[in-house]
Amino acid sequence: MLPLPKPGLDARTVFTTCTATARPETLRARLQDLKDHVAKAAVEYETAAAGQALHTLGHLQHQPDGKPPPTAGGINEQLTKTYKSRMVPKRSSGRDFYDQLLSEAPDGRCALCGQGLADTLDHQLPKTAYPLLAVTPANLVPTCHDCNFYKGEQAPATAEEQTLHPYFDGHVHDYVWLTARIAGPPEPAISFHATPPPDMPPVWAARVLRHFTTLKLARLYNPQAGPELRSLSRSLHRLPPKEIPEHLRERAADWAEENPNCWQAALYRGLAESTWYAEEGYKEPWH
């Protein structure tokens, strides 16, 4: 997960702009009458997200009058369409907001996995279950299509069931929780794992595991190791053997400066801790 600053966009302004082109006029008026409810829901959302309590927002799944979500064609469906029809399409009234949020992806990378191309926005709380939050900026995260697909329409029932939130959970990187395991001969291999340290608060540990598993990050990171190890092997062959362990530690530290839980930092930490790799493993034909 790549930490991002919370968007500076105002939820009321975004919603008002997106719904300004709704047709017919009666629908537009009905939607814009909800702008105060949307603004209130956005404040509740940010407070809950900052306190790891998005699971407490079940009341936002109802209409402002407290009734359950209506059937297809009702106002909740129109609130959801505010994102799908009035924010995502090119030249739609809210497209500038969509592009602005997408442009905040660091180096154009997905904020959830840190690896894929950020080419869509993910709803941290799903728009179908939380229609008042459909275009709330703090609920929209720049992600890749794979992470958006794997995360799906999940709505957390407990704090432990939340995936990590790039706008509110940056301090999860105060802990080193991504690890790489180095398997030696006869079958050299690298595998990545979420391994929360003992001093990590239990809720954070559960959320890290949830994030790693839900987004299938092992499946994403494992194939990255092969090309990195082949390039590294060529470099290490040019070093005196006694300098190899220190070189690996320096590379781990360099990557950790950017993100202590990126796959590269985890890989080099694992390599630096492997006596076998420093002595013999780097000579292996890693596939």
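I take axes as lines fitted to C-alpha atoms, for helices over the stretch in contact, and angles as running from 0 to 180 degrees between N-to-C directions. Helices (H or I, at least four residues) and strands (E, at least two) are DSSP runs, numbered from the N terminus.

The model is predicted, so I noted its limits: local features need pLDDT of at least 70, side-chain atom pairs count only at pLDDT 80 or more, and totals for chains, interfaces and linings use all residues. Residues are numbered from 1 along each chain as its sequence is written, and side-chain values use heavy atoms, with hydrogens and water left out.

**Helix H1 and its partners**

I looked up H1 with helix H3 (residues 35-50) and found a packing angle of about 145°, the axes being 8 Å apart. In contact, meaning heavy atoms within 4.5 Å, are Ala11, Arg12, Phe15 and Thr16 of H1 with Lys35, Asp36, Val38, Ala39 and Ala42 of H3. By class I have 5 nonpolar, 1 polar and 3 charged residues in the contact of H1 with H3. Here Ala, Val, Leu, Ile, Met, Phe, Trp, Tyr, Cys and Pro count as nonpolar, Asp, Glu, Lys and Arg as charged, and the others, Gly among them, as polar.

Next I took helix H1 (residues 11-19) with helix H2 (residues 25-32): the angle is about 175° and the axes are 10 Å apart. That makes H1 roughly antiparallel to H2 (over 145 degrees; under 35 is roughly parallel, 65 to 115 roughly perpendicular, and the rest oblique). From H1, Phe15, Thr16 and Thr19 meet Arg28, Leu31 and Gln32 of H2. The contact of H1 with H2 has 2 nonpolar, 3 polar and 1 charged residues.

**Backbone**

Proline 24 sits in the loop between H1 and H2, and I find the peptide bond from arginine 23 to proline 24 cis, with omega near 0°. In the loop between H3 and helix H4 (75-86) I noted glutamine 52, a residue other than glycine with a positive phi, near 55°. Most residues other than glycine have a negative phi, and most peptide bonds are trans.

**H9 and H11**

I found the axes of helix H9 (residues 225-236) and helix H11 (residues 263-272) coming within 12 Å and crossing at roughly 55°. That makes H9 oblique to H11. The crossing of H9 and H11 is right-handed. Ala225, Glu228, Leu229 and Leu232 in H9 touch Trp263, Leu267, Tyr268 and Leu271 in H11. The contact of H9 with H11 has 7 nonpolar, no polar and 1 charged residues.

On a 1 Å grid over the protein atoms alone, a cavity is a set of points where a 1.4 Å probe fits but cannot get out, and a pocket is an open set with protein on both sides within 12 Å along at least five of seven lines; lining residues have an atom within 4 Å of a point. Grid points are joined across faces, edges and corners, and a volume is the space filled by probe spheres set on the points.

I found 1 cavity of 30 Å³ or more. The largest cavity has a volume of about 70 Å³, and its lining includes Leu54, Gln124 and Lys151.

The largest pocket holds about 230 Å³. Of its 13 lining residues, Tyr83, Leu121, His123, Lys127 and Asn148 are the closest to its centre. Strand S1 (120-123) and helix H6 (145-151) each supply at least two lining residues, and S1 gives the most, with 4.

Terms used: Left-handed = near helix turned anticlockwise from the far one by under 90°.
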